[in-house]
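The entries follow in the order I made them.

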Amino acid sequence: MYSNNIKALAHFYTELFSMTVTRETSELISLVKDGFNIIIHIPPVTIPQSDFNTIKLFMAVDDLETAKLKAVELGGRFFDGVWSNPLFTVCNIADSDGNHIQLREFA
């Protein structure tokens, strides 16, 4: 995943999803949790400041409302709407760089 501010984006993921930094250089930060790995890189080109999504993650959380509020505290935002199916309830947020994430709270 590319970011113009790798330290701020790594902070977002470590605080919201309890990921751990496994490697950090001036060019990248590697995060891991439960075998899932995200590597945040300095981009090879300038990334636009708005409406740019390099990926969309689907992340499980214990409580949607708590996660939405924490995302905002960490510089992200949440979008209106919550949907449910028999397995989980979902909503969408954006991280501090604007990348979209679907949060899933399993039943």
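Is Phe88 buried or exposed? I found a relative accessibility of 13%, so Phe88 counts as buried. Buried means under 20% relative accessible area, exposed means over 50%, and partly exposed lies in between (1.4 Å probe, protein chains only).

Before going on I noted the ground rules. This is a predicted model, where local features need pLDDT of at least 70 and side-chain atom pairs count only at pLDDT 80 or more, while totals for chains, interfaces and linings use all residues. Residues are numbered from 1 along each chain as its sequence is written, and side-chain values use heavy atoms, with hydrogens and water left out.

**Entry: rings**

I looked up aromatic pairs and got 3 in the structure. Rings of Phe, Tyr and Trp (its six-membered ring) pair if their centres lie within 6.5 Å; planes under 30 degrees apart are stacked, over 60 edge-to-face, and the rest tilted. Phe88 and Phe106 have ring centres 5.1 Å apart and planes at 65°, so this pair is edge-to-face. Phe88 lies in strand S7 (residues 88-94) and Phe106 in strand S8 (residues 100-106), 18 residues apart. Helices (H or I, at least four residues) and strands (E, at least two) are DSSP runs numbered from the N terminus. I noted Phe106 as partly exposed, at 48% relative accessibility. Ring pairs also join Phe12, Tyr13 and Phe17 into a cluster.

**Entry: strands**

I then checked how S8 pairs; two strands pair if DSSP finds at least two bridges between them. S7 and S8 are antiparallel over 7 bridges, and Cys91 stands opposite Leu103 in S8. Strand S4 (residues 56-60) pairs with S8 in the parallel sense over 5 bridges. There I saw Phe58 opposite Gln102.

**Entry: charges**

How many salt bridges does a search of the whole structure find? The search gave 2, each being a side-chain nitrogen of Lys or Arg within 4 Å of a carboxyl oxygen of Asp or Glu. Glu24 forms one with Lys7, with the closest N and O atoms 2.5 Å apart. Glu24 is in strand S1 (residues 20-24) and Lys7 in helix H1 (residues 6-17). I listed Lys7 as exposed at 54% and Glu24 as partly exposed at 43%.

Lys68 forms a salt bridge with Glu65, the closest N and O atoms being 3.3 Å apart. The two are 3 residues apart in helix H2 (residues 64-73), so about one helical turn separates them. Lys68 is buried at 8% relative accessible area, whereas Glu65 is partly exposed at 45%.
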